[in-house]
Amino acid sequence: MSQRPSASAAPVPRRAVVTGVAGFIGSHLAHSLLQAGTTVIGVDRRDPATDRAAATNLAALDGLPGYIHVTADLLTCAIDPLLLDANVIFHLAGVPGVRPSWGPHFSEYVNSNILATQRMMEAATRIRVPRLVVASSSSVYGSTDGSHSVESDHPRPASPYAVTKLAEEQLCLAHAARGDCPTSVIALRYFTVYGPRQRSDMFTHRALEAALTGRPLRLYGDGHQRRDFTYIDDAIAATIAAAAAPKAAGIVNVGGGSSVSLLEVINIAKNVVGRDIEIQLESERIGDVWITRADPRHAYEVLGWQPAVDLHNGMHAQMKAMVQPAYGNAV
Ligand code: NAD
Ligand code: UGA
């Protein structure tokens, strides 16, 4: 690989819109941007006054100058005024879980991941925002033979959630490909992000929670399934770099190329907490893929990005945040 500047040296935008700001990744992104001097308009439909997880996530932004918060649903709100004078939109709002996407909740996935995104792209075009970075997902690759997934691979989403994320990224790219669209799009395929304030439905959180509380960990399948785990700070560095990436960058994997089994995650959780975990075996969940593993070369070429945090250190940081209520995700 050729030498590239590091992602952390990427220029920061002057004014950014962050959707999904009350969520795990969005709140970290807003925090990093604010610390770098960007004015941030954070949008989320969850109201911190009534939603505990949102309040915890947003508490990280308390007192930082340059932050403007808007509680609004992107499916129905007036989006144009939010975008005025923005250099970039980080569109992270979405309904994220793989397993609950079967059945009656599918319409929520369609509403937030597809219909709200269509409204966002139409508004971005009208307001002539030059760049939109959209949160896509490793799940669009579906089941693979374990080799590294390359952005040009044929996507085979294996869950309704993954279908909506593929639709979402392709929708944004279809708008951007129009000759009259002033908004260029970078779609980031994040690979299982973990770290402080991670969503409480995700495995890394649940393994640490089980070790910390002594409550059993429900393991879906035999634990040999593997993920390319990405630490939150690394995911944020890639996301900020995407704001300044060349237009032609298109779709970019945000994953380092390693792949770790859930059994190994359980061992790390035991290690960093210093306590055993009781495992409750349950059936494998439909729609879960066996393995995810990013080919990281395109991210390196177009973003100058490489992950810096290994799973042991990242889970240690996540565990420390879980035992410090002020930092969020307390158990
Ligand atoms: P999260 O649930 O913590 O955050 C998503 C936020 O979007 C929530 O606060 C939610 O209220 C908000 N939202 C949803 N629909 C909305 C709407 N219609 N209007 C306004 N706000 C709305 O999830 P996360 O883990 O931070 O994921 C953020 C994004 O990244 C999602 O799009 C997800 O699909 C994607 N992603 C996440 C991961 C991961 O490992 N966490 C991996 C791949 C992709
Ligand atoms: C994660 C995120 O939740 C998605 O939002 C994201 O799109 C996706 O990564 C991605 O990389 O694109 P997932 O890989 O399913 O999805 O991550 P987890 O929810 O942490 O699950 C990982 C594995 O742990 C799965 O096999 C799951 O079945 C298993 N698991 C999860 C359990 O065994 N027990 C649990 O309590 C939770």
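Analyst: Let's settle one term before the ligand shells. Ala, Val, Leu, Ile, Met, Phe, Trp, Tyr, Cys and Pro count as nonpolar, Asp, Glu, Lys and Arg as charged, and the others, Gly among them, as polar. Also, this is a predicted model.

User: OK. By class, what does the shell around ligand 1 have?

Analyst: It has 13 nonpolar residues, seven polar and six charged.

User: How many residues surround ligand 1, and which are the closest?

Analyst: There are 26 around ligand 1. The closest are F24, D44, Y161, K165 and V193.

User: Which elements each supply at least two residues of that shell around ligand 1?

Analyst: α1 (24-35), β5 and α5 (160-177) each do. β5 gives the most to the shell around ligand 1, with three residues.

User: What about backbone atoms? Which atom of ligand 1 does I25 sit 2.9 Å from?

Analyst: An oxygen atom of ligand 1 lies 2.9 Å from a backbone N or O atom of I25. A polar backbone atom of G94 is 3.3 Å from an oxygen atom of ligand 1.

User: Switch to ligand 2. Which residues come nearest?

Analyst: S137, S138, Y161, R227 and D288 come nearest, out of 22 residues around ligand 2. Y161 is also among the closest to ligand 1.

User: Which side chains put an N or O atom by an oxygen atom of ligand 2, and at what distance?

Analyst: The side chain of S137 has an N or O atom 2.5 Å from an oxygen atom of ligand 2. For R227 the distance is 2.6 Å, again from a side-chain N or O atom to an oxygen atom of ligand 2. For the side chain of S138 the distance to an oxygen atom of ligand 2 is 2.7 Å.

User: How much does ligand 2 expose taken alone?

Analyst: Taken alone, ligand 2 exposes 700 Å², and the protein buries 95% of that.

User: Who supplies the shell around ligand 2, and what is it by class?

Analyst: α6 (203-213) and β8 (217-220) each supply at least two residues. β8 gives the most, with three residues. By class, the shell around ligand 2 has ten nonpolar, five polar and seven charged residues.

User: Now the fold. In what order do the strands form the sheet?

Analyst: Seven strands form an open sheet in the order β3-β2-β1-β4-β5-β6-β11, with parallel pairing. From one strand to the next, the twist averages 20 degrees.

User: What packs on the sheet?

Analyst: Helix α7 (residues 232-243) does, touching β4, β5 (131-137), β6 (184-190) and β11. The direction of α7 makes about 165 degrees with that of β6.

User: How many bridges join β1 to β4?

Analyst: Four bridges join β1 (residues 15-19) to β4 (residues 88-91), and the two run parallel. T19 stands opposite H91 in β4.

User: What is phi for each?

Analyst: D85 has a positive phi of about 70 degrees although it is not a glycine. For R128, also not a glycine, phi is positive and near 60 degrees. Most residues other than glycine have a negative phi.

Conventions
Residues numbered from 1 in each chain as written. Chains lettered and ligands numbered in written order. Predicted model: local features only at pLDDT ≥ 70, side-chain atom pairs only at ≥ 80, totals over all residues. Heavy atoms only, no water. Pairing = 2+ DSSP bridges. Axes fitted to C-alpha atoms, helices over the stretch in contact; angles between N-to-C directions. Contact = heavy atoms within 4.5 Å. Near = heavy atom within 4 Å. Polar contact = N/O pair within 3.5 Å; in protein donor to acceptor, adjacent residues only side chain to side chain. Areas by Shrake-Rupley, 256 points an atom, 1.4 Å probe, with all protein chains shown as cover.
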